[in-house]
Amino acid sequence: MSSAHKTFSAPPATPISDISATLTRLRTTFQSHKTRSVEWRKQQLRKLWWGLHDNESDIAASLWQDLRKSEHEALQSDGIWLKNAIIDALGDIDTWVKEVPVSADLLSKAGSPTIRKEPLGVVLIIGAYNYPFQLTIGPLLGAIAAGNCVIIKPSEISQASCAVLTKIITDYLDPDAFAVVNGAIPETTELLEQKFDKICYTGNGVVGRIVATAAAKHLTPTILELGGLNPVIVTKNADIKTAARRICWGKALNAGQVCLSPDYFIVPSSKEAELVSLLASSWRKFYPNGLKASPDYPRIVNDRHFQRIKKLIESTSGEIKIGGQTDESEKFIDLTVVKVKDENDPLMKEEIFGPVLPYIVIDDLDDAIAFVNRVSDTPLALYTFTTDKKEADYILGRTRSGGATVNDTIWHGASHKLAFGGVGESGMGNYRDKFGFDAFSHHRTTVRQAGGWFEAVLDARYPPYLPSKLSQYRMLLEKKPSFSRDGKARVSWFGWLLSLGGGDKKTVVVKYVATILGMVYFLRILFLSQ
Ligand SMILES: NC(=O)c1ccc[n+]([C@@H]2O[C@H](COP(=O)([O-])OP(=O)(O)OC[C@H]3O[C@@H](n4cnc5c(N)ncnc54)[C@H](O)[C@@H]3O)[C@@H](O)[C@H]2O)c1
Ligand SMILES: CC1=C(/C=C/C(C)=C/C=C/C(C)=C/C=C/C=C(C)/C=C/C=C(C)/C=C/C=C(\C)C=O)C(C)(C)CCC1
């Protein structure tokens with residue numbers, strides 16, 4: 001890749017004294033109602049598409065410089081991924097922005113209630129280093145579609161990507177509505193002093209708490225996209241060959257620096273040897289000349305993270321089954337599989353965010369589920385490999401996670417169309433496609449009340465509150481429960497007869513079809529016998 005050799009310098013930090021003026025500029029734009037125009041929003045999205053397209057080789061080159069990410073991965077999950085997301089948003093934005101009529105109770109109906117989708121105002125997006133384009137421009141798409149002004153704060157760790165991202169935003173988008181603030185903790189701290197209408201933060205939970213605390217001072221709502229320890233439960237009913245290949249891919253992607261990376265797997269003893277051997281052979285097939293020589297395998301983003309992961313490998317009391325090599329000069333860490341005894345191993349204490357994959361042998365499925373819930377009960381992702389659909393549902397029904405994929409890794413988080421977000425420790429809120437539009441919109445319930453003629457109906461709401469008015473209200477509007485005091489659904493005799501003895505909709509339809517067929521059969525016999 002020729003563009004891979006192009007290099008970029010870190011953009012200068014934004015002067016802290018400029019930050020509040022930038023926010024004022026954006027707020028003035030928002031208050032001018034310019035962003036309310038859907039055509040203006042579409043134009044911004046179209047321009048952004050061209051910004052990504054014109055700078056595609058720089059996107060790939062900057063990701064190579066920051067993470068030694070291959071062009072394939074750079075385009076698959078940043079460049080082309082975002083361009084496709086924009087084209088789909090442009091195709092659907094007219095539907096998203098429509099005012100939606102809502103069905104209401106008898107009294108509200110005359111006011112034709114609707115939900116208006118309104119912009120929130122000025123929002124802040126704080127990105128992380130591992131997918132510097134996707135994790136900033138991804139939420140930005142929803143914010144633009146919903147009509148907001150936006151300040152983007154990219155992660156200072158991916159410096160080259162910061163430079164390219166800054167160029168795209170400043171060269172292609174309306175500078176009165178969109179701005180990039182570059183820098184590190186001091187700049188982000190100053191940003192967090194300001195009042196925004198929403199903050200979307202991607203990164204670790206420690207900083208997530210700092211962001212949420214700062215936002216709370218202004219009653220600013222937040223989307224927090226955090227991490228966690230993502231488990232993989234491989235059951236005795238798994239197709240081990242497929243599982244090995246797919247776990248391998250999910251762990252090798254971006255050298256494990258993915259919020260959705262498998263953090264550990266659980267395997268029954270009967271499948272352990274086969275799975276470990278197939279993991280090793282899958283890796284050999286992916287990287288036939290070895291990982292270090294492969295242009296497809298990324299490096300750890302900086303020395304601090306390299307040392308952190310290296311230390312984790314050194315501190316494990318488990319048995320290294322595959323890999324284990326590191327090279328500080330290149331920030332290279334081998335894909336490393338480690339058999340650990342229990343959750344007290346250092347590798348099981350925190351999200352690894354690197355290419356190390358511990359595993360534990362557990363034979364009983366309920367024990368495996370209990371282990372997962374004990375280690376971290378709200379990870380961002382949960383994976384299970386089983387060919388038994390009921391078993392997959394059993395696992396899903398007894399665990400929690402931001403998202404889940406059965407029989408693969410990463411996949412529920414790979415599409416730009418599907419809602420993406422965490423739960424509990426892995427975050428709050430979600431975005432992407434319509435979910436992104438909704439996340440950055442205010443759903444404004446609106447009633448356009450009927451005129452003077454409706455006063456006769458409304459008369460009962462006005463004082464003096466005569467007993468007759470309350471009786472009228474009760475008689476016409478009070479609903480009767482269809483459930484008993486002990487919480488059971490109560491079916492009226494009439495309803496019971498009408499539904500041929502009750503049941504859900506499908507059962508009642510089946511009963512009707514069977515009854516009609518029975519009657520036809522009976523009448524036919526009766527008719528033929530005469
Ligand atoms: N859920 C998701 O979408 C998602 C995606 C990627 C990463 N992550 C998670 O992020 C973590 C890795 O990212 P990271 O946090 O190391 O990224 P990072 O170091 O790039 O930091 C993220 C952002 O926080 C800012 N920041 C750092 N310290 C701060 C402070 N004290 N005050 C205010 N802002 C500060 C940085 O400037 C940066 O913009 C992992 O836990 C991973 O799972 C989650
Ligand atoms: C279509 C047919 C065919 C061709 C199929 C082809 C060319 C398929 C190619 C598939 C590829 C390259 C899929 C790769 C997808 C990977 C993705 C989307 C990864 C996404 C990662 C993300 C979003 C990471 C996110 C990380 C986050 C959020 C945090 O850290 C033929 C030719 C086979 C014929 C039949 C039809």
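Biologist: Are Tyr 264 and Phe 371 buried or exposed?
Modeller: Bear in mind that this is a predicted model, where local features need pLDDT of at least 70 and side-chain atom pairs count only at pLDDT 80 or more, while totals for chains, interfaces and linings use all residues. Residues are numbered from 1 along each chain as written, chains are lettered from A and ligands numbered from 1 in written order, and side-chain values use heavy atoms, without hydrogens or water. Buried means under 20% relative accessible area, exposed over 50%, and partly exposed in between (1.4 Å probe, protein chains only). On that scale, Tyr 264 and Phe 371 are both buried.

Biologist: How many aromatic pairs are there?
Modeller: Rings of Phe, Tyr and Trp (its six-membered ring) pair if their centres lie within 6.5 Å; planes under 30 degrees apart are stacked, over 60 edge-to-face, and the rest tilted. By that rule, the aromatic pairs number 13.

Biologist: What kind of pair do Trp 49 and Trp 50 make?
Modeller: Trp 49 is buried at 17% relative accessible area, while Trp 50 is partly exposed at 47%. Their ring centres sit 4.8 Å apart with planes at 80 degrees, so the pair is edge-to-face.

Biologist: And how far apart in sequence are the parts tied together by Tyr 264 and Phe 371?
Modeller: That pair is edge-to-face too, with 5.8 Å centre to centre and 75 degrees between the planes. Helices (H or I, at least four residues) and strands (E, at least two) are DSSP runs, numbered from the N terminus. Tyr 264 is in strand 9 (residues 264–267) and Phe 371 in helix 13 (residues 365–375), so the separation of the parts is 107 residues.

Biologist: Which element gives the most to the positive patch?
Modeller: Lys and Arg count as positive, leaving out His and chain ends, with charges placed at NZ of Lys and CZ of Arg. The patch holds Lys 241, Arg 245, Arg 246, Arg 284 and Lys 285, and the elements giving two or more residues are helix 10 (240–252) and helix 11 (269–286). With three residues, the top contributor is helix 10.

Biologist: What area does the nonpolar patch have?
Modeller: Leu 500, one of its residues, lies in the loop between helix 18 and helix 19. Phe 494, Leu 498, Leu 500, Tyr 512, Ile 516 and Val 520 together make a patch of about 580 Å².

Notes: Patch = residues over 30% accessible without salt bridge, like charges linked within 9 Å, V, L, I, M, F, W, Y side chains within 5 Å. Areas by Shrake-Rupley, 256 points an atom, 1.4 Å probe, with all protein chains shown as cover. Salt bridge = Lys/Arg side-chain N within 4 Å of Asp/Glu carboxyl O.
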